[in-house]
Amino acid sequence: NELVKTPASPWLDGLNTAQSEAVKTLDGPLLVLSGAGTGKTRVLTSRLAELVASGTAKPWNILAVTFTNKAAREMKARIGALVGEGEAKNLWMGTFHSVFARILRAEAHHLGYPNNFTIYDTDDSKSLLRSIVKEMGLDETAYKANTVYNRISAAKNRLISWQAYLANGELMADDASNL
């Protein structure tokens, strides 16, 4: 593919025709599908820069989700180099978990929660369960953290509240039989 050069948008320099077309497509969603090492990150970074520089979108109206925090930092730095650090810092960019944790913190008050909540990963949750079992003086062999964690997870996945769980004789009997 031929390379596109344009002084108006320096982030288009060195892109092939298909990549340049993707960067310049500013209306609506766009799917960029290609193999590893073919320039997807560069295309996405350039497209975000084009969206901001052209005035098509304000940085705070852009949501970019990546697989890793490292990729998000790299993309934000690249965009900052293209359109300015001030613009890039206002992008909503990160991993699925970091972006939506940020949204939850900003909107927690609508749910009646404080915005300084802590998110526990699996290991944190199991450690807390072990502490609770110990603090309550329960048999640690009967109340294994993995088992309790899995029971809680299953109830959450079925949208069963703790009150409904306690009121469900079948679930309680199943718990008792698994001790």
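Helices (H or I, at least four residues) and strands (E, at least two) are DSSP runs, numbered from the N terminus. This is a predicted model: local features need pLDDT of at least 70, side-chain atom pairs count only at pLDDT 80 or more, and totals for chains, interfaces and linings use all residues. Residues are numbered from 1 along each chain as its sequence is written, and side-chain values use heavy atoms, without hydrogens and water.

**Largest pocket**
- A pocket is an open set of points on a 1 Å grid over the protein atoms alone, where a 1.4 Å probe fits, with protein on both sides within 12 Å along at least five of seven lines.
- The largest pocket holds about 670 Å³ of space.
- Its lining (residues with an atom within 4 Å of a point) has 25 residues, and Val148, Arg151, Ile152, Tyr165 and Asp175 are the closest to the centre.
- Helices H6 (122–135), H7 (145–157), H8 (162–167) and H9 (169–177) each give two or more residues to this lining.
- H7 gives the most, with six residues.

**Second largest pocket**
- This pocket has a volume of about 480 Å³.
- Of its 20 lining residues, Thr41, Leu44, Val65, Thr66 and Met75 are the closest to the centre.
- Helix H2 (40–53), strand E3 (63–66) and helix H3 (69–83) each supply at least two lining residues.
- H2 gives the most, with seven residues.

**Gln19**
- Gln19 is found in helix H1 (residues 17–24).
- Leaving out residues up to four places away in sequence, Gln19 touches (heavy atoms within 4.5 Å) Gly14, Thr38, Gly39 and Val43.

How values were computed:
Grid points are joined across faces, edges and corners, and a volume is the space filled by probe spheres set on the points.
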